[in-house]
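Subject: Structure handover and notes

Hello,

Please find the structure below, followed by my notes on what was found in it.

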Amino acid sequence: MNELDHIFQNNLDWVDSIRANDGDFFKKLAEQQTPDYLWIGCSDSRVPANQLMGLLPGDVFVHRNIANMVVHADFNALAVIQFAVEYLKVKHIIVCGHYLCGGVKCALSQDRFGVIDSWLRHIKDVAYLHRDELDQLEGREKENRLCELNAIQQAQHVCESPPVRDAWERGQEISVHAWIYGIADGKINKLQPPIMSADQVRK
Ligand code: CO
């Protein structure tokens with residue numbers, strides 16, 4: 001018995017449960033994907049995009065990294081955004097941060113974590129940008145607020161990215177959302193109204 005055998009069994013059970021509702025589900029998915037949503041979230045194992053939105057395979061295009069970052073020169077994230085916008089024609093791009101984010105917590109500390117430091121540096125920049133507000137807070141409250149501010153900032157970066165700017169210029173309808181997910185209660189909350197045009201974005 002292989003220690004991963006239970007995963008293969010889970011997989012077969014899952015296939016059966018999906019087919020019980022829709023016998024052609026996988027056959028249809030094999031033909032094309034037409035997701036309406038691009039999800040940019042944290043790699044944290046407690047924040048599974050499809051499950052927490054109650055969506056099925058085929059419903060959401062997903063990009064995850066430590067602390068749901070959209071770094072301007074990250075060609076991985078930019079390629080995902082371009083593919084989602086230009087080829088999949090998603091209608092919504094969701095940047096979802098989450099409370100208790102280890103990446104955000106590390107960014108608030110002075111400890112060294114190796115190569116991760118270079119990635120977290122970008123969150124430290126967000127913290128610096130909002131230092132006046134964050135300096136008024138401490139501990140968990142400060143971490144939580146930075147989780148929120150970071151999601152808002154990364155959504156801003158999505159709006160500033162060439163694929164989204166080009167899409168808006170073409171008249172393609174895309175809404176960019178900043179959300180926060182509570183690991184402790186499983187709930188998603190909106191952090192700001194959706195951004196739907198270049199006029200709403202800092203030049
Ligand atoms: Co996280």
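Two strands are taken to pair if DSSP finds at least two bridges between them. Helices (H or I, at least four residues) and strands (E, at least two) are DSSP runs, numbered from the N terminus. This is a predicted model, in which local features need pLDDT of at least 70 and side-chain atom pairs count only at pLDDT 80 or more, while totals for chains, interfaces and linings use all residues. Residues are numbered from 1 along each chain as its sequence is written, and side-chain values use heavy atoms, with hydrogens and water left out.

The sheet

An open sheet is formed by 5 strands in the order β2-β1-β3-β4-β5, with mixed pairing. The edges are held by β2 (60-65) and β5 (188-190); each has a single partner strand, so one side of each has no neighbour in the sheet. On average, neighbouring strands of this sheet are turned by 25 degrees against each other, direction ignored. The axes behind this angle are lines fitted to C-alpha atoms (for helices, over the stretch in contact), and angles run from 0 to 180 degrees between N-to-C directions.

Going through the pairs, β1 and β3 run parallel and are joined by 5 bridges; glycine 41 stands opposite cysteine 96 in β3. The pairing of β3 with β4 is also in the parallel sense, over 7 bridges. Within that pair, isoleucine 94 has histidine 177 of β4 as its bridge partner, valine 95 has alanine 178, and histidine 98 stands opposite tyrosine 181. Between β4 and β5 the direction is antiparallel, with 3 bridges, and tyrosine 181 stands opposite isoleucine 188 in β5. The hairpin of β4 and β5 has 6 residues between the strands, and glycine 186 there takes a positive phi near 75 degrees.

Burial in the sheet

For burial, the cut-offs are relative accessible area under 20% for buried, over 50% for exposed, and in between for partly exposed (1.4 Å probe, protein chains only). In β4, 7 of the 7 residues are buried, so this strand is largely enclosed by the rest of the structure. In a regular strand the side chains alternate between the two faces of the sheet. Both faces of β4 are covered: one carries Ser175, His177, Trp179 and Tyr181, the other Val176, Ala178 and Ile180, all of them buried. Strand β3 is mostly covered, with 6 of its 7 residues buried.

Serine 175 belongs to strand β4 (residues 175-181) and has 9% relative accessibility, so it counts as buried. Leaving aside neighbours within four places in sequence, serine 175 is in contact (heavy atoms within 4.5 Å) with Lys91, His92, Ile93, Pro194, Ile195 and Met196.

Proline 48 sits in the loop between β1 and α3 (49-53). Its relative accessible area is 22%, so proline 48 is partly exposed. The C-alpha atoms of proline 48 and valine 62 are 9.9 Å apart, with the two residues 14 residues apart along the chain.

The cobalt site

The cobalt ion has Cys42 (SG), His98 (NE2) and Cys101 (SG) as its protein donors, at 2.0 to 2.2 Å. Donors are N, O and S atoms within 2.8 Å of the metal (3.2 Å for Na, K and Ca); water is not among the atoms, so sites may look incomplete. The spacing of the donor residues in sequence is C-x55-H-x2-C. Cysteine 42 is in strand β1 (residues 37-42) and cysteine 101 is in the loop between β3 (92-98) and α5, so this pair ties together parts 59 residues apart in sequence. Cysteine 42 is buried at 6% relative accessible area, and cysteine 101 is buried at 3% relative accessibility.

Helix α6

Helix α6 (residues 116-129) has 14 residues and at 1.5 Å a residue should span 20 Å; its end C-alpha atoms are 20 Å apart, which agrees. The expected span is 1.5 Å times one less than the number of residues. At histidine 122, α6 bends by about 30 degrees, the bend being the angle between axes fitted to the seven residues ending there and the seven starting there. Buried in α6 are Asp117, Leu120, Ile123, Val126 and Ala127. The cover over these buried residues includes α5 (102-108), α7 (131-134) and α8 (139-160).

Regards
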